[in-house]
Amino acid sequence: MNGKLVDWDDAKIHVLTHAFHYGTAVFEGIRCYNTTKGPAIFRLDGHVKRLENSAKIHMMHLPFSTSDIANAIKETVRTNKIKECYIRPIVFYGYGEMGLNPRKNPVNVAIAVWPWGTYLGEEGLKKGVRCKISSWIRIDTRILPPLAKSSANYLNSVFAKLEALDCGFDEAILLNMGGSVAEGPGENIFIVKDGCLVTPPRSSGALYGLTMDSIMTLAKDLSITVVENEILRDELFMADEAFFTGTAAEVTPIREVDGRKIGSGSIGPITKKLQDKFFEVVKGKDPKYQKWLDFV
């Protein structure tokens with residue numbers, strides 16, 4: 001917390017912390033994997049850069065350099081002597097003055113690490129998850145900046161997630177203001193149609209994901225055609241395959257949307273190929289992608 005290692009139980013903030021009341025925080029989700037050469041953080045530089053960009057969008061001045069934050073992340077993992085973990089850096093306006101103007105409040109930076117399995121479950125990772133098109137619309141760039149990974153944005157995701165769970169589904173899929181597919185509550189989305197991989201463009205309102213970017217690179221290297229294009233709800237129903245990507249979700253197949261079976265109703269061959277390659281890469285088994293790994 002703010003440059004100092006703090007015991008888990010002592011990592012506390014004041015009840016009048018600005019971010020607690022107004023959502024004035026930006027954060028990242030990062031994973032550390034136990035590779036063949038020891039623990040390594042996946043795409044650390046990209047995540048820290050996105051954190052910096054999120055802060056810039058929110059006009060928050062980071063009190064530490066990006067290299068300081070990257071080094072602090074590695075130090076926190078190293079100090080906890082943990083081989084695989086989820087990493088949560090968060091930058092937030094702290095305790096100072098109440099009211100909508102946060103600029104008299106300090107900008108705090110905290111980094112937490114903990115063991116966390118795949119977000120949508122091991123069964124979902126192997127066989128796929130059941131999804132519901134949410135009645136909640138993905139935030140629009142005229143409402144809040146969707147390219148920033150901010151706490152305020154995720155209330156939109158919380159509503160969508162709770163609705164999906166209460167209706168008996170595993171996850172939600174959000175449409176944008178124009179009615180096209182945007183993303184999951186905490187994941188990017190891909191479909192496969194006639195051997196082509198399709199994902200919504202940034203203009204759809206989806207957060208630009210590091211796992212999404214990795215999958216697009218891996219697909220191209222595997223000679224799979226990749227297209228960024230709007231996806232209609234109808235096209236999602238008619239897809240041969242569909243899957244989520246994200247730091248938490250990794251590469252999770254979608255087997256059903258609104259009661260409609262996607263493809264075979266299980267993980268598809270292209271999804272499986274990309275999922276296998278992804279885990280091979282993050283575990284350090286493919287030297288071609290070593291540049292994505294920061295060894296602790």
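Begin by selecting Phe237, which counts as buried because its relative accessibility is 19%, where buried means under 20% relative accessible area, exposed over 50% and partly exposed in between, with a 1.4 Å probe and protein chains only. The model is a predicted one, in which local features need pLDDT of at least 70, side-chain atom pairs count only at pLDDT 80 or more, and totals for chains, interfaces and linings use all residues. Residues are numbered from 1 along each chain as its sequence is written, and side-chain values use heavy atoms, with hydrogens and water left out.

Phe237 belongs to helix H7, residues 233–237; helices (H or I, at least four residues) and strands (E, at least two) are DSSP runs numbered from the N terminus. Show the surroundings of Phe237: apart from neighbours within four places in sequence, Phe237 is in contact (heavy atoms within 4.5 Å) with Val257, Asp258, Arg260, Lys261 and Ile262.

Next, select strand S2, residues 30–35, of whose six residues five are buried. S2 pairs with strand S3 (residues 38–42) in the antiparallel sense over four bridges, pairing being assigned if DSSP finds at least two bridges between two strands. The two strands S2 and S3 make a hairpin with two residues between them, and Thr35 stands opposite Gly38 of S3. Strand S4 (residues 85–93) also pairs with S2 in the antiparallel sense, over three bridges, and here Cys32 stands opposite Cys85.

Now turn to the rings, of which the structure holds 11 aromatic pairs; rings of Phe, Tyr and Trp (its six-membered ring) pair if their centres lie within 6.5 Å, and planes under 30 degrees apart count as stacked, over 60 as edge-to-face and the rest as tilted. Phe42 and Trp292 form an edge-to-face pair, 5.8 Å centre to centre with 85 degrees between the planes. Phe42 lies in S3 and Trp292 in the loop between helix H8 (269–282) and strand S15 (293–295), so this pair ties together parts that are 250 residues apart in sequence. Phe42 is buried at 4% relative accessibility, and Trp292 is buried at 9%.
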